[in-house]
Amino acid sequence: MHVLNLGILAHVDAGKTSLTERLLHSAGVIDEIGSVDDGNTRTDTLALERQRGITIKSAVVSFPLGGVTVNLIDTPGHPDFIAEVERVLGVLDGAVLVVSAVEGVQAQTRVLMRTLQRLRIPTLLFVNKIDRRGAGYETVLRSIRARLTPAIVPMGTATGLGTRAARCTPGPGPAAALDVLADHDDTLLSAYVENTLTDALLRTSLAARTREALVHPVYFGSAVTGAGVDALLTGIEELLPTAGGEADGPVSGTVFKVERGPAGEKVAYARMFSGTLRTRDRVPFGADGADGRVTAISVFGHGTDTSGEAVRAGQIARLWGLGDIRIGDALGEPRTAYEHVFAPPTLETVVVPGPGVHRGALHLALTQLAEQDPLIGLRHDERRQETSVSLYGEVQKEVVQATLADEYGLDVTFRETTPLCVERLLGTGQAVEFIKKGANPFLATVGLRVDPAPVGSGVVFRLEVELGSMPYAFFKAVEDTVRATLDQGLHGWQVPDCVVTMTHKGYCPRQSHAHQGFDKSMSSTGADFRGLTPLVLVAALRQAGTRVHEPMHRFRIEAPADTLGALLPVLAGLGAVPETTLNRDDTCVLEGTVPAARVHALGQRLPGLTRGEGELESAFAHYAPVTHGTVPERPRTDHNPLNRKEYLLNVTRRVGG
């Protein structure tokens, strides 16, 4: 049987989960349709999801559709949980993007559609809630063409909008799509010119262009009443591509979700692109060359996941036994490198344990949560016994707090959310320390030069000394320590884009006293290079100089034109810089940049400034130099090589020097 791995995506509250329930009911998988409001849906299984009525974690359900088994993945709609969506995108064969017939195209709808198009994922659009008061047809289609893509094909018309009797009438379908399809299909255009065009040819072209992600059929309906859902199911079966891959090919898959089982064991959700993975097979995974033995497999199909002996190309399964597995890891032969398609989080907060909460238990719980969300970073400060988490927004912070309370019994609060800044080099700097010269207590010579690199290039480590001139382990110790030290620059922020060149090296060969074993006091070790490198690197950074940059978001505000006068002073007060203003009838569209730290405040104030009609869309744009107030400093979590005396006191004590 063919398999289709299908994602359901949308702006929050557009009706994704309700549509999932309706699809499962229409396919005969469930007898009763669950309700988000009642907290009894099939995919929102977390207690917190049912309490809040939003999807937080992606969930997989399965149903048969003609000759196809559909693995349907319900994803979160709130932008704070975009990391969940990111992981799903890499395993999809096709997608359904849900748009509300009442609210129309919303901020997150645009973000998702841009990403689907960039990844060339075949996508159908489903305009939901045609039974709700205020639902539109032509207005929504115009909005989709203007704000998402003009390459759409309406697959029917809607009547009785805004009432429980709202219905969809199939057609005209492909016949109305000639202009759109002809732009991508020369054969179709020739048939039209030669007057040999047939409905069958149009439908064939529609299916082919949809599978190529060049055009996007649009269906109207209601997940609540079921109107239009049968037509959508037909479109899913006929227009979206099924999974490829050879079951007898080399094993290749991707892990897109990791959760903990009842006994605390790791359970990996994996999509297989090639080959067959069986229980008791040993499989390599990740970039570190790790491997593990699969102890159990549960394959999705026929409405649920069932225990099986193998998972084959195209299928999705849950895997047990891979204790060190992480989200994004490749199984077997890597298909493509795991690539982030959304910006990383730009905010950070310190988790404060409540009365009676053991810090060790809190750190373990946060580590397990971070395992399930690779874009959420942890930063542990041993000196202050504090743990910071990086986040996308305030809602996510509330969810972390509730999850720690519900699943781990840990009561926590948070300090004020602050932006995650970076430091960029202002110039070139270099430094060197030699063995047994000056105040160098380490049996190592290390010289480093730092140079600025283009934004996005990352940290590059190079050698100006001969690789074979000392043991490779010492070079590796320097490189690893350089990368770790650059996580905290002169102001405590990460230094992301630079070239670090090793200009000097030196070591004491392995020595010993007569008739005795190895003498560490006479011979260089990796600890000497790891201890000296931060001091040299910090000295080079000081000479080069760094400047703190804060994250900036690009914003787009659509609001009534007569509210512009009230908006502009507030934007200025939040540090936002409007760059373009477009007036369209009685609506104005403002675009510009705003500090990431002020996005939440802007979102809170916008409804009051625009009579509730304003719409804000924002996304990370770039880092910009901090130009207002004092330069933000971040407390260090290392032994502080900025203070040589303090650093040497701590480090030499640790290495026994």
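The protein's secondary structure comes to 16 helices and 33 strands, where helices (H or I, at least four residues) and strands (E, at least two) are DSSP runs numbered from the N terminus. This is a predicted model, in which local features need pLDDT of at least 70, side-chain atom pairs count only at pLDDT 80 or more, and totals for chains, interfaces and linings use all residues. Residues are numbered from 1 along each chain as its sequence is written, and side-chain values use heavy atoms, with hydrogens and water left out. Of the 657 residues, 54% count as buried; buried means under 20% relative accessible area, exposed over 50%, and partly exposed in between (1.4 Å probe, protein chains only).

**Confidence and contacts**

- The average pLDDT is 85, and 89% of the residues score at least 70; pLDDT is the predictor's confidence in each residue, from 0 to 100.
- Residues 36-56 have a pLDDT below 50, and this stretch has 60 contacts in the model beyond near neighbours in sequence. Where pLDDT is low, the predicted coordinates should not be read in detail.
- Among contacts in the protein with a separation of 6 or more, 72% come from residues 24 or more positions apart; a contact means heavy atoms within 4.5 Å.

**An open sheet of seven strands**

- Seven strands make up an open sheet with mixed pairing, in the order β2-β3-β1-β4-β5-β9-β6. Two strands pair if DSSP finds at least two bridges between them.
- β2 (59-65) and β6 (152-154) are at the edges, each with a single partner strand, so one side of each has no neighbour in the sheet.
- From one strand to the next, the twist averages 25°.
- Strand β1 (residues 2-10) is mostly covered, with eight of its nine residues buried.
- β1 pairs with strand β3 (residues 68-74) in the parallel sense over seven bridges, and L6 has L72 in β3 as its bridge partner.
- β1 also pairs with strand β4 (residues 94-100), in the parallel sense over five bridges; here the bridge partner of I8 is V96.
- β6 and strand β9 (residues 216-220) run parallel and are joined by three bridges, with V153 opposite P217 in β9.

**Helices packed on the sheet**

- Helix α1 (residues 16-26) is largely enclosed by the rest of the structure, because eight of its eleven residues are buried. The buried residues in α1 are K16, T17, L19, T20, E21, R22, L23 and L24.
- These buried residues of α1 pack against β1, β2, β3, β4, β5 and α9.
- Just after α1, G28 takes a positive phi of about 85°.
- Helix α9 lies across β1, β2, β4, β5 (123-128) and β9, and runs at about 175° to β5. Axes are lines fitted to C-alpha atoms, for helices over the stretch in contact, and angles run from 0 to 180 degrees between N-to-C directions.

**Nonpolar cores**

- The largest nonpolar core has 39 residues, of which L6, L19, L23, V96, L232 and I236 touch the most other members. Helix α9 (residues 229-239) gives this core its largest share, five residues.
- A nonpolar core is a set of buried Ala, Val, Leu, Ile, Met, Phe, Trp, Tyr and Cys residues joined through side-chain atoms within 4.5 Å.
- I236 touches L4, L6, L65, V96 and L124, not counting residues up to four places away in sequence.
- Another core lies apart from the largest one; this other core has 35 residues, among them Y137, L148, A166 and F300.

**Strand β25 and its partner**

- Strand β25 (residues 422-425) is covered on both faces: V422 and R424 are buried on one side, and E423 and L425 on the other. In a regular strand the side chains alternate between the two faces of the sheet.
- β25 and strand β30 (residues 546-560) pair in the antiparallel sense over four bridges, and V548 in β30 is the bridge partner of E423.

**Cysteines**

- The disulfide count is zero, a disulfide being a pair of cysteine sulfur atoms within 2.5 Å.
- C421 counts as buried because its relative accessibility is 6%, and C588 is buried with a relative accessible area of 1%.

**Positive phi outside glycine**

- K436 is a residue other than glycine with a positive phi, near 60°. K436 is found in the loop between β26 (429-433) and β27 (444-452), and counts as exposed at 66% relative accessibility.
- R611 is not a glycine either, yet has a positive phi of about 60°; R611 is in the loop between α15 (599-609) and β33 (615-625).
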